[in-house]
Amino acid sequence: QAPAPTQGPLKLTFYGSGQGGYEKVGEVGSTADFARIYYRVPDLYEDSTDILRGTVKSTENFDETGVGQTLYQFEITKTYKGDLKPGQTISILARGGYLRVSKMIEVFDNEFRFSDLTEEQKQNGVYEDFFMGIPIPKVGEEYVLFLASTKDDPQPPFPPGIYGEIGTFQARFVKREDGTF
């Protein structure tokens with residue numbers, strides 16, 4: 001069973017399985033072409049407004065466009081570039097997340113693609129969207145991030161001042177069990 005969402009037309013906040021709500025009916029992978037592919041850390045550094053180390057404190061999933069997105073709260077433990085300070089928490093928008101089957105059908109008018117699902121699954125099912133195979137941000141994970149501020153490029157319906165990962169996910173380095181990123 002997939003995690004339960006909050007109520008509302010826009011926001012899906014997942015708390016964990018076993019609390020009712022939506023049923024996970026599958027996974028979907030998606031791809032994209034990038035304006036720029038980063039092969040070197042110095043290039044990420046140059047294009048970033050902020051480079052930070054910290055921990056994911058909470059996540060919210062959005063699917064109003066028919067594409068999974070995750071807005072996560074990130075507590076900064078170290079700053080390598082930019083004016084943000086350790087102890088601050090910022091909002092970061094990442095590609096990938098959970099999306100409702102009903103929203104995919106509504107946005108893309110493609111109910112025929114879900115003919116193998118029951119009506120219940122079409123109404124209450126979610127897909128886990130792994131964008132380019134990259135895991136969705138999870139609470140407790142520690143990252144080094146190369147970010148760009150969206151203050152000059154608002155991302156409605158999200159709050160002003162959110163940050164985006166440079167090159168979508170190319171600038172998210174996850175701490176491994178051995179302590180390296």
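Visitor: What sits over the ring of Tyr143?

Guide: A charge counts as over a ring if NZ of Lys or CZ of Arg is within 6 Å of the ring centre and within 35 degrees of the ring normal. Here the charged end of Arg172 does that for Tyr143, 5.6 Å from the ring centre. Lys81 likewise lies over the face of Tyr45, at 4.4 Å from the centre of that ring. Keep in mind that this is a predicted model: local features need pLDDT of at least 70, side-chain atom pairs count only at pLDDT 80 or more, and totals for chains, interfaces and linings use all residues. Residues are numbered from 1 along each chain as its sequence is written, and side-chain values use heavy atoms, leaving out hydrogens and water.

Visitor: How many aromatic pairs are there?

Guide: You describe a pair of aromatic rings by the distance of the centres and the angle of the planes. Rings of Phe, Tyr and Trp (its six-membered ring) pair if their centres lie within 6.5 Å; planes under 30 degrees apart are stacked, over 60 edge-to-face, the rest tilted. That rule gives five aromatic pairs. One of them is Tyr72 with Tyr143, edge-to-face at 6.1 Å centre to centre, with 85 degrees between the planes.

Visitor: Which strands hold Tyr72 and Tyr143?

Guide: Strands are DSSP runs (E, at least two residues), numbered from the N terminus. Tyr72 is in strand 4 (residues 69-81) and Tyr143 in strand 8 (residues 142-149), 71 residues apart. Both are buried, meaning under 20% relative accessible area with a 1.4 Å probe, protein chains only. Tyr72 and Tyr143 also form one aromatic cluster with Phe74.

Definitions and conventions. Helices (H or I, at least four residues) and strands (E, at least two) are DSSP runs, numbered from the N terminus. Buried means under 20% relative accessible area, exposed over 50%, partly exposed in between (1.4 Å probe, protein chains only).
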